[in-house]
Amino acid sequence: MAKKSKKAGDSSIVVNKKARHDYHLEETFEAGLALSGWEVKSLRQGKIQLVDSYVLLKDGEAWLIGAQITPLPTASTHVIADPRRDRKLLLHKRELAKLFAETQQAGRTCVCTKLYWKQHLVKAQVSLARGKKEYDKRATTKEREWNIEKQRVLGRG
């Protein structure tokens with residue numbers, strides 16, 4: 001489900017499309033990511049999945065849980081690579097406090113929607129989200145299909 005985009009000028013590593021499908025995304029934050037060397041090399045090759053990942057807030061820190069970074073076969077032999085380890089998100093205290101306060105409300109959660117390069121650093125786009133109901137998903141699909149049909153009709157007119 002996560003799509004790697006390689007457009008010219010696009011610094012995206014991976015986009016979590018499933019998050020946009022399952023949640024109403026409300027507010028976004030930019031967070032740094034604490035990574036080890038082999039993980040950065042794997043990210044340069046695009047070997048990451050964000051599909052089942054989420055952000056956990058505990059002890060005044062934010063953690064990216066469930067993201068899988070597949071190690072390269074040329075990874076160092078003396079380092080034990082754990083592809084599903086928890087990775088710390090680096091945010092300001094004010095942002096952490098706001099995220100913690102917002103996620104305490106019923107139906108609110110925090111998800112990682114995108115990983116991208118900002119100069120030489122890996123950044124994560126973290127969004128506050130509210131879960132969609134099944135009928136919300138159908139309404140979104142119906143609206144998207146209607147917009148496509150409307151463009152077809154107007155294009156031929």
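**Note on the predicted model**

1. Glu39 counts as buried because its relative accessibility is 0%. Buried means under 20% relative accessible area, exposed over 50%, and partly exposed in between (1.4 Å probe, protein chains only). Glu39 belongs to helix α2, residues 37-44. Helices (H or I, at least four residues) and strands (E, at least two) are DSSP runs, numbered from the N terminus.

2. This is a predicted model, where local features need pLDDT of at least 70, side-chain atom pairs count only at pLDDT 80 or more, and totals for chains, interfaces and linings use all residues. Residues are numbered from 1 along each chain as its sequence is written, and side-chain values use heavy atoms, leaving out hydrogens and water.

3. What does Glu39 touch, leaving aside neighbours within four places in sequence? Its contacts (heavy atoms within 4.5 Å) are Ala34, Ile69, Arg85 and Arg87.

4. The largest nonpolar core has 27 residues. Such a core is a set of buried Ala, Val, Leu, Ile, Met, Phe, Trp, Tyr and Cys residues joined through side-chain atoms within 4.5 Å. Leu43, Ile48, Val55, Leu89 and Leu115 touch the most other members. Elements that each supply at least two residues include α2, α3 (93-103) and β8 (108-118).

5. Now the strands. β8 and β9 run antiparallel, joined by 10 bridges. Strands pair if DSSP finds at least two bridges between them. Lys118 stands opposite Leu121 in β9. The hairpin of β8 and β9 has two residues between the strands, and Gln119 takes a positive phi near 60° there. β2 also pairs with β9, antiparallel, over nine bridges. Thr28 has Ser127 in β9 as its bridge partner.
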